[in-house]
Amino acid sequence: MLRLKELLFPSIADVAVLSLDVNIEIVRVDAQCIADGAVCPVCGVWSNRVHGSYLRFPADVPSGGRSVVLQLRVRRFICGNSGCARRTFVEQIPGLTCRHAQRTERLRSTLAAVGLALAGRAGARKWRGDFDNASLNALHADGFGHPVAQTDWRERLERHSLGWVCAREDGSLIGFVNVVWDGGVHAFVLDTVVAQHRRSSGVGAALVVTAAKEARAAKCEWLHVDFEEHLRPFYFNTCGFKQTAAGLIAL
């Protein structure tokens, strides 16, 4: 019988699964690195002198259709080279983590593969891509489950948006996200929508990745989102958003 480690991290060495909790929507995995030591990324000197440890919560690939919440304990080592500019450093797990990343390497690779697959189709995922109001209204009706409206999206987006991302497949609009902004360093994701027949295929995540990339290119420093509770795993675990304090007034 396969152990949990082989099931969850089949190609990654030096990881131990400490506990696992599974419910209908989420798999929670508590894990840690069990390597004897690590190499300083600056001078290349190996060290096993532990300075401390802390928890990381990188977004990981889904498992069995469920979002994965990874709680990974990593250690900070003291560099063994007294002349090194880096006195301490945090261990990285090859194939799983890299410095400052909010996604695991395998999730990053999966999203990159989705992006390449979409990019392989003409006009599939495009910043400020062309669309018509009828197609976007039909997509919103399909994605959000309401009657087809007659919203003039073109006029609304041209007035208020930093940009938007269109996802197309064989010429049809299958995904869309709107990015508004404050004219400065804050951008906001609104109404991420994916056609029902293309959900759980990475399209929504690819839309948000593109939105973040383009907002960053526009010199924005923060990308905000609010969402209904059932979308928490998508935005926090898949897309890498962090929980913050916020408020709302119904008008």
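In the hairpin of β9 and β10, 2 residues sit between the strands, and aspartate 170 there takes a positive phi near 55°. This is a predicted model, so local features need pLDDT of at least 70 and side-chain atom pairs count only at pLDDT 80 or more, while totals for chains, interfaces and linings use all residues. Residues are numbered from 1 along each chain as its sequence is written, and side-chain values use heavy atoms, with hydrogens and water left out.

**The strands around β10**

Strands here are DSSP runs of E with at least two residues, helices are runs of H or I with at least four, and both are numbered from the N terminus. Two strands pair if DSSP finds at least two bridges between them. Strand β9 (residues 161-169) runs antiparallel to β10, with 8 bridges, and tryptophan 164 stands opposite asparagine 178 in β10.

On to the next partner: β10 also pairs with strand β11 (residues 186-194), again in the antiparallel sense, over 6 bridges. Here valine 180 faces phenylalanine 188 in β11. The hairpin of β10 and β11 has 4 residues between the strands, and glycine 183 in that turn shows a positive phi of about 80°.

How enclosed is strand β10 (residues 172-181)? Take buried as under 20% relative accessible area, exposed as over 50% and partly exposed as in between (1.4 Å probe, protein chains only). Then 8 of the 10 residues of β10 are buried, so the strand is largely enclosed by the rest of the structure.

**Helix α5**

Helix α5 covers residues 203-217, and its end C-alpha atoms are 21 Å apart, which agrees with the 21 Å that 15 residues should span at 1.5 Å a residue. (The expected span is 1.5 Å times one less than the number of residues.) Its buried residues include Val203, Leu207, Val208 and Ala215. After α5 comes lysine 219, with a positive phi near 75°.

**Rings**

Rings of Phe, Tyr and Trp (its six-membered ring) pair if their centres lie within 6.5 Å; planes under 30 degrees apart count as stacked, over 60 as edge-to-face and the rest as tilted. That rule gives 7 aromatic pairs. One of them joins tyrosine 235 and phenylalanine 241, with ring centres 5.8 Å apart and planes at 75°, so the pair is edge-to-face. Both tyrosine 235 and phenylalanine 241 are buried. Ring pairs also link Phe227, Phe234, Tyr235, Phe236 and Phe241 into a cluster.

A charge sits over a ring if NZ of Lys or CZ of Arg is within 6 Å of the ring centre and within 35 degrees of the ring normal. Arginine 154 does this over phenylalanine 131, at 4.2 Å from the ring centre, and arginine 156 over tryptophan 153, at 4.9 Å.

**Salt bridges**

A salt bridge is a side-chain nitrogen of Lys or Arg within 4 Å of a carboxyl oxygen of Asp or Glu. The whole structure has 7 salt bridges, among them these:

| Pair | N to O distance |
|---|---|
| Arginine 154 and aspartate 130 | 3.0 Å |
| Glutamate 155 and arginine 159 | 3.4 Å |
| Glutamate 229 and arginine 232 | 2.8 Å |

Arginine 154 lies in helix α4 (residues 153-160) and aspartate 130 in the loop between β8 (125-127) and α3 (133-144), so their bridge ties together parts that are 24 residues apart in sequence. Arginine 154 is partly exposed at 27% relative accessibility, whereas aspartate 130 is exposed at 61%. Glutamate 155 and arginine 159 are 4 residues apart in helix α4, about one helical turn. Finally, Arg128, Asp130, Arg154 and Glu158 are linked in a network of salt bridges.
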